[in-house]
Amino acid sequence: MKILVLGAGRMGYGAVYDLVRQPDVERVTVADSIAERAHRVAAAVGNQKAYPLQLDVTNQKAAVEAMRGHDAVLSCVVYKLNAALARAAVEARTNFCDLGGNNDVVAAELALDTLARNAGINIIPDCGLAPGMVAMLVAHAAARLQRLEEIHIRVGGLPQHPKPPLDYQLVFSVEGLINEYIEPARIIRDDQITTVDSMTELEEIEFPPPFAKLEAFQTSGGTSTLPDTFLGKVRQLDYKTIRYRGHCDKFKTMIDLGLCRGEARKMFSELLVRNLPADEADVVLVRVEASGGGKKLRYDIIDRFDEKTGLSAMMRTTAFPASIVALMMARGQTESKGALPQERCLNADLFMSELTKRQIHVVEQWM
């Protein structure tokens, strides 16, 4: 198989690292608008299957030509480019998935369903961590309960050694972080799809030592297509971001002061990039709970920075799930063609087994 990865940033590197290590992958092309970055990633993954390509993905014709001849394309570029790239994939008749993160862009991609089906391909958006892997954890848990009433998702990417004032480090784009904090969160409440303000409904959540008591609060984007998929099947479905205690109040104060809107946002973003750590040892915490009929099933993940590979926990839990989706499409393992959310077209058992192969361990507990 031949896979094309668009974007040679952190997540692109993580995806290429994983893909070149699959026995049935013959070639991985890593494309970036800056040739040096593509060459750096191709060289750094330590495998001769990786080939660099300079590509401006905003050039539709060039994007289509680059996609042709590949069995799947994984987009690790900024989310605003993914709708056009999905259309290019339809034209190239190449399977396509991305890291997603924006509901409007995802809706534009899913609107390509008929075209994708006619082309005999899959378009699967939102395939990172959250949105992404958590949707497959939900699908896996939901299938094991005879009756389903509530689904609660909690996810956080945290520094292992937090530093004041925010006890946070940048593990993905600062623009994405601000969007999560200021855009409304889409949930199911009392059998209806609704929205609530982000950075509200603060709750306490506890993980095993050394984490102990943390906090979680509403943020946007994490539920992705799950409210649509589970509308009429559950009474409650929500997603909250996990942080060290005190983070929510501190950051919300800056939002209330107007630092995340208008002209101030650019300056604030630059200050965050300049003053927050970004490359220190991190940990990703995931908790998915599905309940109904008096039973509750909990899935927990605690994934840490990998010293042997140099891959951060966020790279492992974001890029690896996306590469799994790309591989499942290329291997013909999707359950139906078209532009579809992953929870509707991928086998959850197979996805979970692929996580295990990558040492992403899901701890299961009936409660």
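A pocket is an open set of points, on a 1 Å grid over the protein atoms alone, with protein on both sides within 12 Å along at least five of seven lines, whereas a cavity is a set of points where a 1.4 Å probe fits but cannot get out; lining residues have an atom within 4 Å of a point. Grid points are joined across faces, edges and corners, and a volume is the space filled by probe spheres set on the points.

The model is predicted: local features need pLDDT of at least 70, side-chain atom pairs count only at pLDDT 80 or more, and totals for chains, interfaces and linings use all residues. Residues are numbered from 1 along each chain as its sequence is written, and side-chain values use heavy atoms, without hydrogens and water.

**View A. The second largest pocket.** Its volume is about 190 Å³. Of the 15 lining residues, Arg-10, Ala-278, Asp-279, Ser-312 and Met-315 lie nearest the centre. Helices H1 (10-19) and H12 (313-330) each give two or more residues to this lining, and H1 gives the most, with three. Helices (H or I, at least four residues) and strands (E, at least two) are DSSP runs, numbered from the N terminus. By class, the lining has eight nonpolar, three polar and four charged residues (nonpolar: Ala, Val, Leu, Ile, Met, Phe, Trp, Tyr, Cys and Pro; charged: Asp, Glu, Lys and Arg; polar: the others, Gly among them).

**View B. The largest cavity.** Two or more lining residues come from each of helix H7 (133-142) and helix H13 (342-345). Six nonpolar, six polar and two charged residues make up this lining.

**View C. The open parallel sheet.** Seven strands follow the order E3-E2-E1-E4-E5-E6-E15, with parallel pairing (two strands pair if DSSP finds at least two bridges between them). Strands E3 (50-54) and E15 (338-339) form the edges, each pairing on one side only. Two bridges join E15 to E6 (residues 122-124), with Gly-338 as the bridge partner of Asn-122.

View D. Ten bridges pair E13 (residues 282-292) with E14 (residues 295-304) in the antiparallel sense, and Ser-291 stands opposite Lys-296. Two residues separate the strands in this hairpin, where Gly-293 takes a positive phi near 65 degrees. E14 also runs antiparallel to E16 (residues 363-366), over four bridges, with Asp-300 opposite Val-363.
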